[in-house]
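I opened my notebook to record what I looked up, one entry at a time. Here is the structure I worked from.

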Amino acid sequence: MAGDSVTPRSSTKPQGCSNAKLRQLTRRVSQHYDHEMAKIGLKTTQYSLLSQVMHRGPIRPGDLAKAMVLDASTLTRNLKPLAAAGWITVVSGADSRSHLVAITEAGREKRAEAQRRWKAARESLNELLGVERVLALHELIDGLLERFAERETESAS
């Protein structure tokens with residue numbers, strides 16, 4: 001069937017912009033996961049944040065931002081709805097200037113619920129795209145990331 005192959009088309013050079021194509025694909029995949037998370041009132045970014053706080057917390061906001069590669073203002077903005085929902089707490093640390101972010105029991109329950117929805121999203125994406133294509137995509141992505149890492153290592157030398 002046309003278009004089912006994961007091998008490149010017969011063209012001698014890529015057509016179109018790789019960046020645009022990758023961004024389009026990542027937007028579609030993100031929308032797929034966002035749709036599933038919306039069923040329980042979460043965004044994918046909130047699920048990620050709950051997971052990080054659960055695994056790393058209690059944690060200082062600056063350390064959490066660094067671990068998630070976020071700037072402090074973005075992290076603060078993303079923490080507010082989670083705190084308002086009672087899924088995390090932001091409490092004073094050792095001194096009045098420091099704070100710690102921790103997950104609450106309600107947050108653990110919400111994360112467990114989100115984890116089930118995430119699995120459902122992954123399974124439905126595999127079904128939509130086909131397991132063979134997803135495996136090939138993962139292999140391609142891993143190989144490309146290795147190339148970037150090798151280049152960075154060579155540049156640092």
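**Entry 1: two helices.** I began with helix H1 (residues 18-38) and helix H5 (residues 105-129), whose axes come within 9 Å and cross at roughly 140 degrees. That angle makes H1 oblique to H5. I kept in mind that this is a predicted model. I then checked the handedness: H1 passes H5 in a right-handed crossing.

**Entry 2: who meets whom.** I listed the contact residues next. From H1 I wrote down Val29, His32, Tyr33, Glu36 and Met37. They meet Ala114, Arg117, Trp118, Ala120, Ala121, Arg122, Ser124 and Leu125 in H5. I sorted this contact by class and noted eight nonpolar, two polar and three charged residues.

**Entry 3: salt bridges.** How many salt bridges does the structure hold? I noted five. I followed Glu36 to begin with. Is Glu36 buried or exposed? Its relative accessibility is 7%, and the cut-off for buried is under 20%, so Glu36 counts as buried.

I found Arg117 in a salt bridge with Glu36, where the closest N and O atoms are 2.4 Å apart. Arg117 belongs to H5 and Glu36 to H1, so this pair ties together parts that are 81 residues apart in sequence. Arg117 counts as partly exposed, at 26% relative accessibility.

I also found Lys39 in a salt bridge with Glu36, and here the closest N and O atoms are 3.3 Å apart. Lys39 is exposed, with a relative accessible area of 53%.

Entry 4: I moved on to Lys119 and Glu123, whose side chains form a salt bridge at 4.0 Å, N to O. Both residues lie in helix H5, four residues apart, which is about one turn of the helix. Lys119 is partly exposed, with a relative accessible area of 44%. Glu123 also counts as partly exposed, at 44% relative accessibility. Back to shared partners: salt bridges join Glu36, Lys39 and Arg117 into one network.

**Entry 5: the backbone.** I reminded myself that most residues other than glycine have a negative phi, and that most peptide bonds are trans. Which residues does a cis peptide bond join? I found Gly57 and Pro58, with omega about -10 degrees. Pro58 lies in the loop between helix H2 (44-56) and helix H3 (61-68).

I ended with Val69. Its phi is near 55 degrees, a positive value in a residue other than glycine. Val69 sits in the loop between H3 and helix H4 (72-84). Val69 is exposed, and I wrote down a relative accessible area of 73%.

How values were computed:
Residues numbered from 1 in each chain as written. Predicted model: local features only at pLDDT ≥ 70, side-chain atom pairs only at ≥ 80, totals over all residues. Heavy atoms only, no water. Axes fitted to C-alpha atoms, helices over the stretch in contact; angles between N-to-C directions. Parallel < 35°, antiparallel > 145°, perpendicular 65-115°, else oblique. Left-handed = near helix turned anticlockwise from the far one by under 90°. Contact = heavy atoms within 4.5 Å. Nonpolar A, V, L, I, M, F, W, Y, C, P; charged D, E, K, R; others polar. Buried < 20%, exposed > 50% of the residue type's maximum accessible area, 1.4 Å probe, protein only.
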